[in-house]
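The sequence and the structure are shown first, and the description follows.

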Amino acid sequence: MDGEHHEEIMALNTQIQMMRQQTNEQLGRGKEVFDTVIAGGKLQSTNKEHYLIEYYSVLRYEQYALWMSEYKDLTARLLTYLILQDMGKSDTEIQDILSITYSSLRSIKTRLKAHLRLS
């Protein structure tokens with residue numbers, strides 16, 4: 001039985017290793033972005049927002065799960081706003097980190113309210 005499925009087992013083990021490596025790389029990038037934000041740096045690309053979201057979903061998984069249950073269909077920008085807010089960033093700091101205007105920030109808040117699940 002063992003020899004019969006040896007090649008399939010080896011292929012699956014290789015896939016598992018590749019997935020672990022990709023996950024570790026993504027989380028590593030997310031940690032770098034997180035540290036940059038903590039240090040006052042800016043998020044200058046949507047890729048960095050996605051890395052931050054992936055990292056934060058692991059770092060603060062309970063909070064992330066709560067957001068997923070409270071809100072429906074959140075965009076990366078709305079999730080990023082929630083993360084920055086959860087990190088204790090002020091609206092002014094969030095504007096600077098995201099390189100957006102006050103009216104854009106207001107729009108994000110309005111859209112976030114619209115995404116709340118009505119109980």
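## A buried aromatic residue

The model is a predicted one. In this model, Phe-34 has a relative accessible area of 14%. Phe-34 is therefore buried, because the term applies to values under 20%.

The ring of Phe-34 takes part in a pair with the ring of Tyr-56. Their centres are 6.2 Å apart and their planes stand at 40°, so this pair counts as tilted. Phe-34 belongs to helix H1 and Tyr-56 to helix H2, so the pair ties together parts that lie 22 residues apart in sequence. Tyr-56 has a relative accessible area of 3% and is likewise buried.

## Aromatic pairs and their cluster

How many aromatic pairs does a search of the whole structure find? The search finds three. In the pair of Phe-34 and Tyr-55, the ring centres are 5.5 Å apart and the planes form an angle of 50°, so this pair is tilted. The pair of Phe-34 and Tyr-55 links distant parts of the chain, for the two residues are 21 residues apart. Phe-34 is in helix H1, which covers residues 6-38, and Tyr-55 is in helix H2, which covers residues 46-59.

Tyr-55 is buried, with a relative accessibility of 14%. One aromatic cluster is formed by Phe-34, Tyr-55, Tyr-56 and Trp-67.

## Helices H3 and H4

Helix H3 spans residues 61-70 and helix H4 spans residues 76-86. Their axes come within 12 Å and cross at roughly 135°.

Which residues of H3 and H4 meet? On the side of H3 they are Gln-63, Tyr-64, Trp-67 and Met-68, and on the side of H4 they are Leu-79, Leu-82, Ile-83 and Asp-86. By class, six residues of this contact are nonpolar, one is polar and one is charged. Trp-67, from the H3 side of the contact, is also a member of the aromatic cluster.

## Asp-86 in helix H4

Asp-86 is found in helix H4. Is this residue buried or partly exposed? With a relative accessibility of 27%, Asp-86 counts as partly exposed.

Leaving aside residues up to four places away in sequence, Asp-86 touches Tyr-56, Arg-60, Gln-63 and Trp-67. Asp-86 and Gln-63 are 23 residues apart in sequence, and their C-alpha atoms are 8.8 Å apart in space. Among the residues that Asp-86 touches, Tyr-56 and Trp-67 belong to the aromatic cluster.

## Helices H4 and H5

Helix H5 covers residues 91-98. The axes of H4 and H5 come within 10 Å and cross at roughly 135°. These two helices are therefore oblique to each other, and H4 passes H5 in a right-handed crossing.

In this contact, H4 contributes Arg-77, Thr-80, Tyr-81, Leu-84 and Gln-85. H5 contributes Asp-91, Ile-94, Ile-97 and Leu-98. The contact of H4 with H5 has five nonpolar, two polar and two charged residues.

Key:
Residues are numbered from 1 along each chain as its sequence is written. This is a predicted model: local features need pLDDT of at least 70, side-chain atom pairs count only at pLDDT 80 or more; totals for chains, interfaces and linings use all residues. Side-chain values use heavy atoms; hydrogens and water are left out. Rings of Phe, Tyr and Trp (its six-membered ring) pair if their centres lie within 6.5 Å; planes under 30 degrees apart count as stacked, over 60 as edge-to-face and the rest as tilted. Helices (H or I, at least four residues) and strands (E, at least two) are DSSP runs, numbered from the N terminus. Buried means under 20% relative accessible area, exposed over 50%, partly exposed in between (1.4 Å probe, protein chains only). Axes are lines fitted to C-alpha atoms, for helices over the stretch in contact, and angles run from 0 to 180 degrees between N-to-C directions. Contact means heavy atoms within 4.5 Å. Ala, Val, Leu, Ile, Met, Phe, Trp, Tyr, Cys and Pro count as nonpolar, Asp, Glu, Lys and Arg as charged, and the others, Gly among them, as polar. Angles under 35 degrees count as roughly parallel, over 145 as roughly antiparallel, 65 to 115 as roughly perpendicular and the rest as oblique. A crossing is left-handed if the near helix is turned anticlockwise from the far one by less than a right angle, and right-handed if clockwise.
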